[in-house]
Amino acid sequence: MQLKIYNSLTAEKEIFKPILDGNIGMYVCGPTVYSNVHLGNVRTFLSFDFIYRTLTHLGYKVRYVRNITDAGHLTDDGNVDNDRFVKQTRLEKLEPMEIVQKYTVDFHKVLDMFNLLPPNIEPTATGHIVEQIELTQKLIERGFAYESNGSVYFDVLEYNKRGLNYGELSKRNIEELFANTRDLDGQGEKKNPQDFALWKKASPAHIMRWNSPWGEGFPGWHLECTAMSTKYLGETFDIHGGGMDLKFPHHECEIAQGKACNDAAPVNYWMHANMLTMNSQRMSKSTGNYILPMQLVTGDNDFFEKPFHPSIVRFCFLQAHYRSVLDISNDAMIASEKGFIRLMEAVKVLNSITPDDTKQSGFSLKEWKDKAYEALTDDFNSPILIAHLFEAVKYIFALNDGKETISTEDLEDLKTTLNAFIFDVLGLQTVEENNNEKLDQTLKVLIELRNQARKSKNFDLSDQIRDKLLAEGIELKDGRDGTSYVLS
């Protein structure tokens, strides 16, 4: 089966043809690490984790690059006070790199929790300042950029005058772009309102600054991805991914920078994951319709009736196609939990099935596998793949009830294929049911026994309970409000 990918640039599904046979270069825009990663970001990165896993499963050797934006992310190209890192340093009274470290650690912790595979390379913007300066110099030399008051801007009109098309990805008309441009601070430095910053002059109060041929400053947001993607994947590579919100202006600017520098399109297939909503409304801190990933897992929120294991959240997310809007709600999570439990029960049941080589099965394993792989290769259609998995689940329970049969060969094939789809491709993990609840109840009993021993002045017994629990990685903490425990 031929792999088909929806290309945002052409707005069509295309048969995928890698630049180098059997190998894929894939770049995904990573987080801007100035705050906790939000659930919408998790949806995007999880979508590309599924895509990465699928490509690997299909036999491709993938070089997966996902960057960390740790400098230069302005909300616009005007006022440098809109630098997100500078704003956060003032709020938290920390150094910029303390902010970066704090939220990079959070990002990795959250993605590990949802069982995302790490990229092959995870470069940072601050680690590639030299490359960004070199690209800026090249764009100036080629007449696509200009210096103004210590800042450097990409000349969008000049780009279009040379027969290139700024707006080709987002399908925007340049005349309309100019007509709809807001009047921002700092626009006086630009020749044209749609010109975007390659390098920004640092104000005296701006902490993040580097020396450059144009004075002290910092790189523009769009430039970093061009610098890092071309360094690790080449001037033209296979796949570039990110959230739908990055299509314009970020990815549009990347295309312009790549073509202006190298006279070639930087990417063959542009892929964009759609947004996440909650209770049919856009997630937003300002409206209160907002939840952090950890709050969904711990149950510390007012939207969901219970906590949900990360693997159940992952399963819920993958039941929507990556290009579709995904809406989560309490009912959707409960339904996903039930489906996840049934899927995992089928995996356990399959291991206890006894084959029968004397009878013909009414279930065609080959047809089922073909349909599953057709879903995978049809623009990574996870919901259709999951639907086919539940066809196999129905068959497995029929086998268990003695209503169906399976040969020895097909049984081993089904086990291998099902495990590959569930654990390798979808990236799901088994969940030990009620383990935490049982542990909590057991420890409450032991703490009560220890407290009774202490009241009876049987300190040998109380110390023995404490020390044996500590040896098992459970530390008891005595306080004014009683005894609690932590897992060490």
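## Met278, a buried strand residue

Met278 is buried, at a relative accessible area of 0%. You'll find Met278 in strand β11. This is a predicted model, and everything below should be read that way. Leaving aside residues up to four places away in sequence, Met278 touches Met283, Asn289, Tyr290, Ile291, Phe303, Phe304, Asp327 and Ile328. Gly40 sits 238 residues from Met278 along the chain, yet the two C-alpha atoms are separated by 10.0 Å.

Asn279 has a positive phi, near 55°, without being a glycine. Asn279 belongs to the loop between β11 (276–278) and β12 (281–282). Is Asn279 buried, partly exposed or exposed? With a relative accessible area of 34%, Asn279 is partly exposed, whereas Met278 is buried.

## The whole chain

Stepping back, the protein has 16 helices and 15 strands. The C-alpha atoms fill a box of roughly 75 × 70 × 35 Å along the principal axes. Of the 488 residues, 52% are buried. Take the contacts between residues at least 6 apart in sequence: 73% of them join residues at least 24 apart.

Where is the cis peptide bond? Look between Phe248 and Pro249, where omega is about 5°. Pro249 is part of helix α8 (residues 247–262).

Lys171 also has a positive phi, about 60°, although it is not a glycine. Lys171 lies in the loop between α5 (156–161) and α6 (174–179).

## Helix α1 against helix α14

Helix α1 (residues 39–57) and helix α14 (residues 408–425) pack with their axes 10 Å apart, at an angle of about 140°. The two helices, α1 and α14, are therefore oblique to each other. On the α1 side the contact uses Phe50, Arg53, Thr54 and His57; on the α14 side it uses Ala420, Phe421, Phe423, Asp424 and Val425. By class, the residues of this α1–α14 contact are 5 nonpolar, 2 polar and 2 charged.

## Helix α10 against helix α11

The axes of helix α10 (residues 310–318) and α11 cross at roughly 105° and come within 9 Å. That makes α10 and α11 roughly perpendicular to each other. From α10 the contact takes in Ser311, Ile312, Val313, Phe315 and Cys316, and from α11 it takes in Ala332, Met333, Ser336, Glu337, Gly339, Phe340 and Leu343. The α10–α11 contact divides into 8 nonpolar, 3 polar and 1 charged residues.

One of the α11 residues in that contact, Glu337, is worth a click. Glu337 lies in helix α11 (residues 330–350). Does Glu337 count as buried or exposed? Glu337 counts as buried, at 14% relative accessibility, because the cut-off for buried is under 20%. Not counting residues up to four places away in sequence, Glu337 touches Lys306, Phe308 and Ile312.

## The largest pocket

The largest pocket has a volume of about 1,100 Å³. It is lined by 37 residues, and those closest to its centre are His38, Gly40, Asn41, Arg84 and Asp245. Gly40 is the residue whose C-alpha atom is 10.0 Å from that of Met278.

Which elements give two or more residues to the lining of this pocket? They are α1, α3 (96–113) and α7 (221–233). The largest share, 5 residues, comes from α1. By class, the pocket lining holds 18 nonpolar, 15 polar and 4 charged residues.

## Enclosed cavities

How many cavities of 30 Å³ or more does a search of the whole structure find? The search finds 3. The largest cavity has a volume of about 50 Å³. Its lining is made up of Thr226, Ser229, Thr230, Phe237, His240, Glu254, Gly258, Pro266, Val267 and Trp270. The elements giving two or more residues to this lining are α7, β9 (237–243), α8 and β10 (267–273), with α7 supplying the largest share, 3 residues. The lining of the largest cavity has 4 nonpolar, 5 polar and 1 charged residues.

The second largest cavity holds about 40 Å³ of space. Arg43, Ser47, Phe50, Phe317, Leu318, Ala320, Tyr322, Phe380 and Ser382 line this second cavity. Two or more of these lining residues come from each of α1 and α10, and α1 gives the largest share, 3 residues. The lining of the second largest cavity splits into 6 nonpolar, 2 polar and 1 charged.

Definitions and conventions: Residues numbered from 1 in each chain as written. Predicted model: local features only at pLDDT ≥ 70, side-chain atom pairs only at ≥ 80, totals over all residues. Heavy atoms only, no water. Axes fitted to C-alpha atoms, helices over the stretch in contact; angles between N-to-C directions. Helix = DSSP H or I, 4+ residues; strand = E, 2+ residues; numbered from the N terminus. Parallel < 35°, antiparallel > 145°, perpendicular 65-115°, else oblique. Contact = heavy atoms within 4.5 Å. Nonpolar A, V, L, I, M, F, W, Y, C, P; charged D, E, K, R; others polar. 1 Å grid on protein atoms, 1.4 Å probe; cavity = no way out; pocket = protein on both sides within 12 Å on 5 of 7 lines; lining within 4 Å. Points joined across faces, edges and corners; volume = space filled by probe spheres on them. Buried < 20%, exposed > 50% of the residue type's maximum accessible area, 1.4 Å probe, protein only.
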